[in-house]
Amino acid sequence: MIATMNRVGQLRRTLSVLERLPERPPVLVVDNGSTDGTAAAVAREHPGVRVISLPENIGCGARNVGVAQADTDYVAFADDDSWWAPGSLARAARLLDEHPRLAVVAARMLVGPHESLDLVSSEMATGPLPAQPDLPGPPVLGFLACGVVVRRAAFLAVGGFDARLMIGGEEELLAIDLVSAGWGLAYVDDVVAHHHPLPRQDGQLAARRRIQARNALWTAWLRRRLPGAVRRTVQLGRGVRRDAAVRAGFLDAVRGVPWVLRRRDPVAPGLEAALRLMESAGSRARADSAG
């Protein structure tokens, strides 16, 4: 399932790769109101691909539309610039069959033509959470949406992504909600996805940081217990002075306070402790990298 908007060139490449996979998965594209002829191009060049055309951009909400329309037990996400390695979808499906509590298989993400390991994948592989015997890999509290396979029933049961977050760090809230509902998320090193993002201009990077800062704050105050939400806010606030995009993200988050307060539902103490452990490990890793 691919959510896309105005990136028909990248989408063509991804669809061509996916159609050559030995698993031959059914492919569903949800078009977020593109104006570049995406829907027509896919229908013309890839008649076996189902396309759902939305009238406007609803960001990560497009994935919810796709999962709701899927008729399979499991759904693999890809972006219009990412695709799955041969055999990885079959491997993920077997793991989901074998582990009934498993809701998310997070793939090892290889970036660009040099296939560099994505930093997030590296962090998931060596995360601090203790192993769980009913999961096939290290347990995680987040994932990259462009390289993940989800159990459709679990995804729908917790409401999927919150469309208000659009695109940029939207995965954290869903991951927390799945774990809160009793599901497991695991990183699996031999399930592999490839990501070939185009270079972004400074303005695009700043816009991304702005959304990520807003979404991180919203997620903290939607789900973290009070001390954890405060601690996360202080941590994120360290970037306010040096980054105008982060400052703008904080202001955006403040504008959403009424909505956040209405939807606030703090997690149980055990999950809060796990989130705090992940934050501490991430802070140490960044300090080691800087040193």
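Guide: The account below concerns a pair of helices and then turns to salt bridges. This is a predicted model, in which local features need pLDDT of at least 70 and side-chain atom pairs count only at pLDDT 80 or more, while totals for chains, interfaces and linings use all residues. Residues are numbered from 1 along each chain as its sequence is written, and side-chain values use heavy atoms, with hydrogens and water left out.

The pair consists of helix 8 (residues 202-223) and helix 9 (residues 226-237), whose axes come within 8 Å and cross at roughly 165 degrees. Helices (H or I, at least four residues) and strands (E, at least two) are DSSP runs numbered from the N terminus. Axes are lines fitted to C-alpha atoms, for helices over the stretch in contact, and angles run from 0 to 180 degrees between N-to-C directions.

Where the two helices meet, helix 8 contributes Ala216, Leu217, Ala220 and Trp221, and helix 9 contributes Leu226, Ala229, Val230, Arg232, Thr233 and Leu236. Contact here means heavy atoms within 4.5 Å. The residues of this contact divide into 8 nonpolar, 1 polar and 1 charged. Ala, Val, Leu, Ile, Met, Phe, Trp, Tyr, Cys and Pro count as nonpolar, Asp, Glu, Lys and Arg as charged, and the others, Gly among them, as polar.

Arg232, one of the contact residues in helix 9, also forms a salt bridge with Glu279, their closest N and O atoms being 4.0 Å apart. A salt bridge is a side-chain nitrogen of Lys or Arg within 4 Å of a carboxyl oxygen of Asp or Glu. The pair links distant parts of the chain, since Glu279 lies in helix 12 (residues 269-290) and Arg232 in helix 9, 47 residues apart. Both Glu279 and Arg232 are buried, where buried means under 20% relative accessible area, exposed over 50%, and partly exposed in between (1.4 Å probe, protein chains only). Salt bridges with shared partners join Arg224, Arg232, Glu272 and Glu279 into one network.

Elsewhere in helix 8 is Ala207, which is partly exposed at a relative accessible area of 40%. Ala207 and Ala248 are 41 residues apart in sequence and 9.3 Å apart in space, C-alpha to C-alpha.
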